[in-house]
Structure formats: structure tokens, C-alpha cells
Amino acid sequence: MLPKVALLIPAAGSGERFGAPIPKALVQLKGRTLIEHALLNLGPVATQIIVAAPAGYEDKFREILGDAVTVVTGGSTRTKSVKIALESIAPDIEFVLVHDAARPLASSELGQRIIEALAAGDVAVIPALAVNDTIKEVDAANYVVSTPNRERLRAVQTPQGFARETLVKAHMQNIEATDDGALVEAMRGKVKLIEGENRALKITNPEDLATALKYLIPARASDIRTGVGVDAHAFSEDKNRQLWLAGLLWENEIGVDGHSDGDVAAHAICDALFAAANIGDLGSNFGTSKPEYAGASGEKLLGEAFNLVSKAGFEIQNVAVQIVGNRPKIGPRRIDAIAKISKALGGSQVSVSATTTDGLGLTGEGKGIGAIATALIVRSGS
Ligand code: CTP
Ligand code: MG
């Protein structure tokens, strides 16, 4: 049987040193808040998750974190926030991991190693790194008091893991410390250090975001994929058919024939995304064997394609689509088209361009509209 683990995340700090107008845990790092990153990485190792939010932000936290997370109102210090969160742990919890929202990238592998050490009998397990700088102890006037031997110093991180009873007792002392390990130390408990990880760095100042970002850039070329998609439809004989293109309705233009609304730009983008993720094509995902997509709008198909690509484990880096045809004139509505497509793709980076083809070929002859799209996607969390 796996041990029952609770994950407590103190996220109630304002982030004074960071200096943003919103609480630090809500600051974004590559499209996600710090608290979301922390949960994405460490949530999977826990059976219960409790987050201490800043007073007044509880509903905002509930909205972004969902029902699986218990949100409580934090206290005036980190120690108090952890103590408050501790009151909500379920009766069957054996081990508790306490993890700073300010360390968004600590890995689930680190969490697992801490749980393993607890399961092997240690009551307090904390990750640590050797320090590279020489550390000085100073007095209030900035005169050096001592130089501890660097060999014996460690910089500690979170998640820190504890046997439930040990952490509850440690917090009953009602003393303040900047980490929970220090509270166990204060009652002469044994605190075991294990190897920490660079990616568990703490976001304290704005420049720390740039350091964290380096861990989110794909490490391997195989995590970066491109795809291409092409589509074309002939103008309809039916003069009343509406023209839908790039997610927009084009008034006073003749529509094109097709199984759906005939939005060639949206279709080419879907195909480019499917090709990049290697998950089939427009036909296999939305074709005649899937009647629920008959007549579906380009916007709906884009939204579905975005979901399928996300489910396959990828994030969209950007998509570019070029519309090929003599009409309609795209330029005046380019910004609207970009906004519409981007929204359907979860806020992705989108570009839209257009060209004519010197009277050559299907679209150049004015018989229809074509589109060519490319997509660049990267494996999520890599
Ligand atoms: N924290 C908390 N409750 C507080 C203060 C801090 O839950 N009253 C949390 C922070 O949200 C953070 C963690 O404790 O996840 C580590 O604290 P720190 O990095 O110091 O964050 P802040 O206190 O927000 O930053 P600062 O000290 O610069 O104000
Ligand atoms: Mg602080």
C-alpha cells in the first residue's frame, strides 16, 4: 500500500521582495501561475492538497486550482500559514510534504525521494544543496562575526517531508522559523538532508523568473515539432451560402462548399497541429465518421484541435496561416482574425497573412479559397 501523503503549500505571502502588485504565487511563469506550476509538479505525489492563500484571494485560488484542492486563508507569517493548513489534513494522512509556492519547479521525482526516505523511517527529510559561496555571519552594523566552514553548510529547499505527528508537534511549539525543518530541530528531532535539485530554486526577485524559465525550455530537439496543413474549397454555386474564413463571418462574400462551414484557414491550422503532434489529420479527427462535427464552425474545430494536442502532451508555440485567393481582402480584418484564432487555441501566438497567385491554379483562377498553415509545438513541461 502506498503511504497517504498530504501536500501543504504555503502561498499566502505577498512577495514584498518580488514587488509585483499581485501576490507572488499568482505571478506567471511561461503562461502559468507559480502556484499552478507547483501543483502540476508535486500534486501527483499527494492524496490530499491544501493551499494557504493570501486573505482576499481565496476564491481566485479556488477558481484556478479546482475542486481537488482545499484552499484555506493563510496567516501573517509562513510558519502560521503552514500551521493553519495543517489543521485541515485528513485523519488517515501518514506523511506531510510542505512546499513553498515560491518554488514552482521542484520535481515530483524529488517529492518521491522524500516520501521514500520517510517510508524508510526518517521523521523529517529536507532537500539541500551544497553552498558555493563562502557565507559570513554579520552583526547589525555589517561587521563580520564569523565565517562558518563552507564544507559543513547546506542551502535547504522545499518540499520538506515529515511524519504527520512530528510536524504537528513541531508546530505546537508556536515558534517562528523560515522553514519547518527548523521547528523539528528546535524540539531536538532528527532532520535528515537529502540531495536537492537546482530546478527547485526559489522565486524571490523578478530576475529569478529568467533562471526558472531555463528549466522550461525543451531539453531535447525531439520535444520540438513542426507540422504543415493545406486546405482549399471551391466557391459555392449557392449564392446564399455564407463565407466563414479565419474564424470570422465575411458579409457580402460568397461562401465555399464543404462538410463543415468551409473555413479553410481553420482547417489548415488544425491539420498543421495534428501533423506536428502526429495524431492523424482533419479527416481522421473530424471527418464523416464523426457526425458530431458535421457543419461545425472553424472556431469549434480549432478549440477541439487545441484540446487534442494538449491531451497528446504538447503546448503550442505558434501557428502561422497564409490564405491564398483573390478575395476576400484579408488585410483590413487581419487583427480580428488573429484574435479569434488565438482565443480558440487557448491564447496561442498566431499570425495570419494572405497572397494571390498571379492568376494561376485553383484559387488564382478565382474559383475558391485555399490556405496553408504551419504549427510549432513543444512537449509540455519539458
Ligand atoms: N508565505 C505564506 N504566508 C506568509 C508568508 C509567506 O504562506 N504569511 C509563503 C509564500 O507565499 C511562499 C513561501 O511562504 O510560498 C516562502 O516565502 P517567501 O519566498 O519569503 O515569499 P513571500 O513572503 O511572499 O516573499 P517576501 O518575503 O519577499 O515578502
Ligand atoms: Mg517571506
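Does serine 146 count as buried, partly exposed or exposed, and at what relative accessibility? Serine 146 counts as partly exposed because its relative accessibility is 27%; the cut-offs are under 20% relative accessible area for buried and over 50% for exposed, with partly exposed in between (1.4 Å probe, protein chains only). This is a predicted model, where local features need pLDDT of at least 70 and side-chain atom pairs count only at pLDDT 80 or more, while totals for chains, interfaces and linings use all residues. Residues are numbered from 1 along each chain as its sequence is written, chains are lettered from A and ligands numbered from 1 in the order in which they are written, and side-chain values use heavy atoms, with hydrogens and water left out.

Serine 146 sits in strand 9 (residues 144-146); strands (E, at least two residues) and helices (H or I, at least four) are DSSP runs, numbered from the N terminus. Its C-alpha atom is 8.9 Å from that of isoleucine 135, eleven residues away along the chain.

Next up is aspartate 179, in the loop between helix 5 (164-172) and helix 6 (180-186). Aspartate 179 is buried but has no salt bridge, meaning a side-chain nitrogen of Lys or Arg within 4 Å of a carboxyl oxygen of Asp or Glu. The nearest side chain of opposite charge belongs to arginine 78, 6.7 Å away (Lys and Arg count as positive, Asp and Glu as negative; His and the chain ends are not counted). What aspartate 179 does have is a polar contact of 2.8 Å with the side chain of glutamine 160. Such a contact is a pair of N or O atoms within 3.5 Å; within protein, one must be able to donate a hydrogen and the other to accept it, and residues adjacent in sequence count only if both atoms are side-chain atoms. A polar atom of the aspartate 179 side chain also lies 3.2 Å from the backbone nitrogen of alanine 182.

Now for the backbone. Most residues other than glycine have a negative phi, and most peptide bonds are trans. Still, a cis peptide bond links threonine 158 to proline 159, with omega about 10 degrees, and another runs from arginine 327 to proline 328, with omega near -5 degrees. Alanine 246, though not a glycine, has a positive phi of about 55 degrees, and so does aspartate 358, with phi about 55 degrees. Alanine 246 counts as buried because its relative accessibility is 1%, whereas aspartate 358, at 71%, counts as exposed.
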